[in-house]
Amino acid sequence: MIRSSHVAVRVDLSRVRRNAQAILQATGVPLIAVVKADAYGLGARQVSRAIADLVESFYVFDLQEAQAYDLAQTARRTIALLVQAKDADACKALRVQPAVWNEASASALLSARPILSIDTGQQRFGVPVHETSTIDRILAAGRIEEAFTHATTIAQVQAFERAVADRSLKRHAAGSGLLEDQSSHLDAVRPGIALYRGAVNVTSPLVEVHETRGPAGYSGFTARRHGIILAGYSNGLRVGPCRINGRASRILEVGMQSAFVECTEADAVGGDVTLLGDGLDEMAVAQAWQTSPQEALFRLSGLGERTYIGP
Ligand SMILES: *Cc1c(COP(=O)(O)O)cnc(C)c1O
């Protein structure tokens, strides 16, 4: 995606901190902050520095991310899902502990203190939870002291707990979706989007406002009045909700680099159209886009250049 120079993305790092503090308070266990995909679009460098003192570790997709975000500088460890067998030394230099789910990787990465990834239903990136003898061999091969699963249900957490019972491993399973359920917390929680809720505000000014005459745009939409903003699908925007002058409105049509929004008599050129924030959250956008809140947040954060406030 291309960032539009006409969209302001404001990231409130003190809100990310408050979210982290609230998670710590509610769960009472250490926090592994998921900052993969550039912290869901908010900026992993900035986010990691803002919450480093609150977290036990960071979680990223691969070793390249850990390096790109310079996470070693935070003096916290990072868990990386995808690490090559040859990268044990790079892991140590970057304070990364790699996830593993086969014997060969576990022994190749032994010196980097690998962490076992158990699959409880996603059917990717993990050893199947029922393969207990394989699990035992991987644990031995990597002298493993920690295990995790990417659970979406409590039943998956329970299957994970049974598979690792009596092995005195540190265990974590819960992302944001399971935080409400105490029984999923185990020895740490590993949320992503719960850290970022309410922290991003995305706006773009109205550059034109028109009384709509007959069918307009490419789609021939009709409205009483419409405005134009300078963000389109090349920036990641889609048809959905927005807010104008504190009022709920909608994006009527999205072009390559501009979009039509529904206006009233109260709206004029220069007025701000809010695409995220001001009472419009990523859940509402995700619903309109028929996707996950994670995807909505990522796309909206990528619409324009980011600026940071706090802490
Ligand atoms: C992305 C991810 C998470 C965080 O998911 P959220 O639903 O955003 O909290 C946790 N664990 C793993 C392994 C992940 O890949």
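This is a predicted model: local features need pLDDT of at least 70, side-chain atom pairs count only at pLDDT 80 or more; totals for chains, interfaces and linings use all residues.
## The largest pocket

The largest pocket has a volume of about 750 Å³. Its lining is made of 34 residues, and those closest to the centre are Lys36, Tyr40, Arg124, His150 and Gln294.

Sorted by class, the lining of the largest pocket holds 16 nonpolar, 12 polar and six charged residues.

## The second largest pocket

The second largest pocket has a volume of about 190 Å³. It is lined by 15 residues, and Gly198, Ala199, Val200, Asn201 and Gly277 lie nearest its centre. Strand S1 (4-12) and strand S10 (200-205) each supply at least two residues of this lining. The largest share comes from S1, with three residues.

By class, the lining of the second largest pocket consists of six nonpolar, four polar and five charged residues.

## Two packed helices

Two packed helices are described by the angle between their axes and the distance between the axes. Helix H10 (residues 282-289) packs against H11 at an angle of about 105°, and the two axes are 8 Å apart. H10 is therefore roughly perpendicular to H11, because angles of 65 to 115 degrees count as roughly perpendicular.

On the H10 side, the residues in this contact are Glu282, Met283, Val285, Ala286 and Trp289; they meet Pro293, Ala296, Leu297, Arg299 and Leu300 of H11. By class, the contact of H10 with H11 has eight nonpolar residues, no polar ones and two charged ones.

## Backbone details

Most residues other than glycine have a negative phi, and most peptide bonds are trans. The residues below depart from these patterns.

Which residue does a cis peptide bond join to Gly310? The partner is Pro311, and omega of this bond is about -15°. Pro311 is found in the segment after strand S17 (304-309).

Asp38 is not a glycine, yet its phi is positive, near 55°.

Asn245 sits in the loop between strand S13 (241-244) and strand S14 (247-254). With a relative accessible area of 49%, Asn245 is partly exposed, because exposed means over 50%.

## A histidine in a loop

His185 is found in the loop between strand S9 (170-174) and helix H9 (193-196). Is His185 buried or exposed? Its relative accessible area is 3%, so His185 is buried.

Leaving out residues up to four places away in sequence, His185 touches Ala26, Thr27, Val29, Leu178 and Leu179.

How values were computed:
Residues are numbered from 1 along each chain as its sequence is written. Side-chain values use heavy atoms; hydrogens and water are left out. On a 1 Å grid over the protein atoms alone, a cavity is a set of points where a 1.4 Å probe fits but cannot get out, and a pocket is an open set with protein on both sides within 12 Å along at least five of seven lines; lining residues have an atom within 4 Å of a point. Grid points are joined across faces, edges and corners, and a volume is the space filled by probe spheres set on the points. Ala, Val, Leu, Ile, Met, Phe, Trp, Tyr, Cys and Pro count as nonpolar, Asp, Glu, Lys and Arg as charged, and the others, Gly among them, as polar. Helices (H or I, at least four residues) and strands (E, at least two) are DSSP runs, numbered from the N terminus. Buried means under 20% relative accessible area, exposed over 50%, partly exposed in between (1.4 Å probe, protein chains only). Axes are lines fitted to C-alpha atoms, for helices over the stretch in contact, and angles run from 0 to 180 degrees between N-to-C directions. Angles under 35 degrees count as roughly parallel, over 145 as roughly antiparallel, 65 to 115 as roughly perpendicular and the rest as oblique. Contact means heavy atoms within 4.5 Å.
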